[in-house]
Amino acid sequence: QVQLAESGGGLVQTGGSLRLSCVASGRILNINSMGWYRQAPGKQRELVARVNRGGSLTYGDSVKGRFTVSRDNANNTLALQMNSLTPEDTAVYYCNFVVGTPGYYGMDCWGKGTQVTVSS
């Protein structure tokens, strides 16, 4: 079984920065992709940033130029640096890994989420 643990959420003022981290543990043979998603109250979960096995990056339109995703494959870690935060960034942020495990090619794994609140 694969588990994801997020950290780094909290309360910050408009214009501030936060850094989220996600560490995966368990029987991971390879990582197909890693990403961050978020869900604000009353809204659908949306993509924040994603990196695939080859290193290609995808960002949601609303965070381009402000957020940066980075990975450490050796340590099964994904980070999200968030700058110039606005109240519209307030949401629960979820880490997602798609991994290969013994007997399973693409397991879709989610963290429990970490709250990010940006005050005006």
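**Terms and values**

Tutor: G60 is buried, with a relative accessible area of 10%. The structure is a predicted model, in which local features need pLDDT of at least 70 and side-chain atom pairs count only at pLDDT 80 or more, while totals for chains, interfaces and linings use all residues. Residues are numbered from 1 along each chain as its sequence is written, and side-chain values use heavy atoms, with hydrogens and water left out.

Student: Why is G60 called buried?

Tutor: Buried means under 20% relative accessible area, exposed means over 50%, and partly exposed is in between (1.4 Å probe, protein chains only). The relative accessible area of G60 is 10%, so G60 is buried. G60 lies in the loop between strand 6 and strand 7, and G60 touches L47 and V48, not counting residues up to four places away in sequence. Contact here means heavy atoms within 4.5 Å. From G60 to W36 the C-alpha distance is 10.0 Å, and the two are 24 residues apart in sequence.

Student: What makes R66 count as buried?

Tutor: R66 has 17% relative accessibility and therefore counts as buried. R66 is found in the loop between strand 6 (57-59) and strand 7. Leaving aside neighbours within four places in sequence, R66 is in contact with Q81, M82, N83, S84, L85, T86 and D89.

Student: Which elements does the protein have, and how many strands?

Tutor: The protein has zero helices and eleven strands. Helices (H or I, at least four residues) and strands (E, at least two) are DSSP runs, numbered from the N terminus.

Student: What makes the protein as compact as a globular protein of that length?

Tutor: The radius of gyration is taken over C-alpha atoms, and the globule rule is 2.2 Å times the number of residues to the power 0.38. For 120 residues the rule gives 14 Å, and the radius of gyration of the protein is 14 Å, close to that value, so the protein is as compact as a globular protein of that length. Along the principal axes, the C-alpha atoms fill a box of roughly 50 × 25 × 25 Å.

Student: How much of the protein is buried?

Tutor: Buried residues make up 44% of the 120 residues. Among the contacts with a separation of 6 or more, 56% are accounted for by residues 24 or more positions apart.

Student: Why is C95 called buried?

Tutor: C95 has a relative accessible area of 0%, so C95 is buried. C95 is found in strand 9. Residues that C95 touches, not counting those up to four places away in sequence, include C22, W36 and C109. The C-alpha atoms of C95 and C109 are separated by 8.2 Å, and these residues are 14 apart along the chain.

Student: What makes N96 count as buried?

Tutor: N96 counts as buried because its relative accessibility is 2%. N96 is found in strand 9 (residues 91-101).

Student: What does the side chain of N96 reach?

Tutor: The side chain of N96 reaches the backbone oxygen of C109 at 3.0 Å. A polar contact is a pair of N or O atoms within 3.5 Å; within protein, one must be able to donate a hydrogen and the other to accept it, and residues adjacent in sequence count only if both atoms are side-chain atoms.

Student: How do you know that I31 is buried?

Tutor: The relative accessible area of I31 is 13%, so I31 is buried. I31 is found in strand 4 (residues 30-39), and the residues it touches, not counting those up to four places away in sequence, include R53, N76 and F97.

Student: Is N76 buried or exposed?

Tutor: N76 has a relative accessible area of 18% and is therefore buried. N76 lies in the loop between strand 7 (67-72) and strand 8 (77-82). Phi of N76 is near 50°, a positive value in a residue other than glycine. Most residues other than glycine have a negative phi.

Student: Why is S84 called partly exposed?

Tutor: S84 has 42% relative accessibility, so S84 counts as partly exposed. S84 is placed in the loop between strand 8 and strand 9, and S84 has a positive phi of about 50° although it is not a glycine.
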